[in-house]
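Trainee: Could you take one part of this model and go through it closely? I would like to know what touches what, and what counts as a touch.

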Amino acid sequence: MTGDEIILTIPREQPFHVVAHLVLGGVAARLNLTFESIDDLETALDAVLERAAEEGEVTVQLRLDDGAILTRVGPFSTDRLRAELERDADDDVTLRRVLDTVVDRYELQSDGWLELQKSLDGGAA
C-alpha cells in the first residue's frame, strides 16, 4: 500500500462511523498491524468522529508515510476542536487524553483537518 491513499467521505451521523471503522480495520489488517495497534487507531477515529457535527459529511483519508499510517479527518470547526485538544482535564476523558494515549502524534491543521499518526512498528503511543 506504500504511496497509496484511501479517501472515504461519509455522512456525519453516527451509524455511518462503522463504515470508516471497516475501511481502517481492513487497511490495518492488510498491513499486518497488531490487534492492539488496530484497536488504538479505531479508538482514535471514534473519538474524533464523535466530535463531528450532526449534519453534512466528514472525510477520512488514510495513507502510509515513512513507517506510519497517517489518518486525516475533517473538516471540523477549528476553534471548537482546538479548545478541546488544549483542555487539560484532571479525571475527564477528553479528546486530548484519548489521542495522547492511542496515537504517536496528532495535529489540528488550520484548515480544520485533524491528522493522526500511528507507527506501523507499534511505536510508543
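Mentor: Leu99 touches Ala44, Val48, Leu85, Tyr106, Leu114 and Leu116, leaving out residues up to four places away in sequence; a contact means heavy atoms within 4.5 Å. This is a predicted model, in which local features need pLDDT of at least 70 and side-chain atom pairs count only at pLDDT 80 or more, while totals for chains, interfaces and linings use all residues. Residues are numbered from 1 along each chain as its sequence is written, and side-chain values use heavy atoms, without hydrogens or water.

Leu99 belongs to the largest nonpolar core, which has 32 residues. Such a core is a set of buried Ala, Val, Leu, Ile, Met, Phe, Trp, Tyr and Cys residues joined through side-chain atoms within 4.5 Å, where buried means under 20% relative accessible area (1.4 Å probe, protein chains only). Val48, Val73, Leu99 and Leu114 have the most contacts inside this core.

Among the elements that each supply at least two core residues are strand 1 (5-11), strand 3 (68-74), helix 4 (95-102) and strand 5 (114-119). Helices (H or I, at least four residues) and strands (E, at least two) are DSSP runs, numbered from the N terminus. Helix 2 gives the most to the core, with seven residues.

Helix 3 (78-86) also supplies at least two core residues, and Glu84 is found in helix 3 too. The relative accessibility of Glu84 is 16%, so this residue counts as buried. Apart from neighbours within four places in sequence, Glu84 is in contact with Arg51, Thr94, Leu95 and Arg96.

Methods
Buried < 20%, exposed > 50% of the residue type's maximum accessible area, 1.4 Å probe, protein only.
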